[in-house]
Amino acid sequence: MEKRITLPLTAELAKTLKAGDSVLLTGTIYTSRDAGHKRMCESIAKGEPLPFDPTDATIYYVGPTPAKPGQVIGSAGPTTSGRMDAYAPTMMSVGARGMIGKGARLPEVVEAMKEHSGVYFGAIGGAGALLAKCIKSAELIAFEDLGAEALRKLYVEDMPLVVIIDSEGNNLYEQGRNAYLAAHNE
Amino acid sequence: MREIQVQTITDVVEKLCIEANQFLPKDVQDAIKTCRACEDWDIAKGVLDNIITNYEIAEKECVPICQDTGMACVFLEIGQDVHFVGGNLTDAINEGVRRGYANGYLRKSVVADPVRRGNTGDNTPAMIYTEIVDGESVKVTVGPKGFGSENMSAIRMFKPSAGLQGIKDFILETVEIAGPNPCPPMTIGVGIGGTFDKAALLAKKALMRPIDVPNPDPFYADLEKEMLEKVNKLGIGPQGFGGKSTAIGLNIETLPTHIAGMPCAININCHVTRHKSEVI
């Protein structure tokens with residue numbers, strides 16, 4: 001069964017989510033990829049404010065296609081999260097808690113998640129047309145010069161996600177595969 | 001000798017960039033549906049259902065299947081009796097890409113310099129591969145290539161003593177390392193032989209061959225089948241959440257090579273394995 005959750009992702013809410021949970025997520029999230037993360041981490045190092053309040057925030061690793069006339073946003077599936085591993089612990093240190101992407105994370109990211117009650121959600125990679133349907137509004141808020149990598153504020157409704165790594169460090173990539181193999185190797 | 005206006009190439013490239021990004025080839029759709037029918041793991045079934053719904057939405061609404069609309073890999077098989085007129089061929093291809101990515105609302109994902117970065121803003125330049133063949137026609141294939149999967153590709157220069165087992169181990173090792181990153185179920189292009197660079201090109205060409213068409217050499221057709229089965233016993237599954245469907249296809253292309261070597265390249269693609277061709 002799917003769990004319906006509404007943002008912001010407080011520590012209390014984060015702790016209720018377990019690796020393998022299917023969730024339908026509703027609320028405001030922010031888009032960012034490599035170049036945007038690099039800039040935000042430079043701002044944090046200089047003590048400058050971020051373009052949004054990172055407290056309990058959820059960041060979607062995505063670079064959408066341009067919206068066609070009449071569309072809120074173009075196709076918008078997740079990008080490979082590992083490229084943000086260098087920045088994710090810094091983002092969590094200032095309060096960001098949720099991450100939406102796809103693919104493996106480094107141990108240091110998992111350690112930071114345990115420390116800050118972070119949650120790593122997976123969206124289906126390559127399902128950008130489907131995921132765009134959950135995005136009800138999109139507003140460019142910073143780094144316009146980065147094009148597809150610009151920072152956008154999105155409002156999503158019932159976005160279908162799976163908890164890949166929970167705040168205790170449990171990992172669906174390990175658990176799911178091991179369970180499948182255990183069930184299929186007599 | 002047949003004269004072809006390069007403007008025609010521009011028009012065809014523009015059209016193929018858009019269509020390749022919106023319509024998943026039938027062989028790929030069929031392979032995903034076959035995987036769904038054979039899958040016995042619940043979470044994997046759900047992921048495959050969403051993947052099917054996704055390409056159906058893209059086709060119906062004429063929107064990109066995936067937001068990574070790729071680098072435009074453009075393959076030209078040029079008949080040797082063709083003479084291009086009316087401008088520069090490379091410029092014509094890039095103009096087609098520029099128009100296709102603008103008019104098709106596709107993402108511009110190309111940076112001008114690999115180290116210093118900087119988005120070119122129009123998805124050019126294309127990666128262009130030309131081949132001279134018999135005749136007086138030109139076959140244009142556009143294969144937009146996403147980089148989540150491209151980044152998980154690998155090449156190795158084997159000693160001949162590594163033999164067939166070395167190749168088999170390398171394929172499984174590469175898929176294992178790729179894990180959830182390239183958006184499984186993936187397609188796997190394997191290039192064996194040639195030189196360092198030709199092996200990589202073969203691997204990319206292997207991804208352009210329909211996945212329901214086996215290698216014409218029975219030895220390699222059997223190897224394709226055997227390795228696809230082995231990959232699908234790794235348990236990685238759709239999106240890496242566990243399951244049978246780790247790969248939907250595995251194609252092998254080969255070339256003769258040197259007495260001292262056995263190059264092997266593996267080009268990984270996601271379930272959105274896109275390519276579209278037109279003959280001029």
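Mentor: In chain B, strand β2 (residues 71-79) is joined to β5(B) by eight bridges, and the two run antiparallel. Strands here are DSSP runs of E of at least two residues, helices are runs of H or I of at least four, and both are numbered from the N terminus; two strands pair if DSSP finds at least two bridges between them. The model is predicted: local features need pLDDT of at least 70, side-chain atom pairs count only at pLDDT 80 or more, and totals for chains, interfaces and linings use all residues. Residues are numbered from 1 along each chain as its sequence is written, while chains are lettered from A and ligands numbered from 1 in the order in which they are written.

Trainee: Which residue in β5(B) is the bridge partner of B:Glu77?
Mentor: B:Lys139 is that partner. In β10(B), B:Lys139 has B:Val279 as its bridge partner.

Trainee: How many bridges join β5(B) to strand β10 of chain B?
Mentor: Four bridges join β5(B) to β10 (residues 276-279), and these strands run antiparallel.

Trainee: Why is β5 of chain B largely enclosed by the rest of the structure?
Mentor: Because six of the eight residues of β5 (residues 138-145) are buried. A residue is buried if 20 or more other C-beta atoms lie within 10 Å of its own, exposed if 12 or fewer, and partly exposed in between, with C-beta atoms placed from the backbone.

Trainee: Now the helices: at what angle do α2 and α3 of chain B pack?
Mentor: Helix α2 (residues 26-38) and helix α3 (residues 42-61) of chain B pack at about 155°, with their axes 10 Å apart. That makes α2(B) roughly antiparallel to α3(B), a term for angles over 145 degrees. Axes are lines fitted to C-alpha atoms, for helices over the stretch in contact, and angles run from 0 to 180 degrees between N-to-C directions.

Terms used: Angles under 35 degrees count as roughly parallel, over 145 as roughly antiparallel, 65 to 115 as roughly perpendicular and the rest as oblique.
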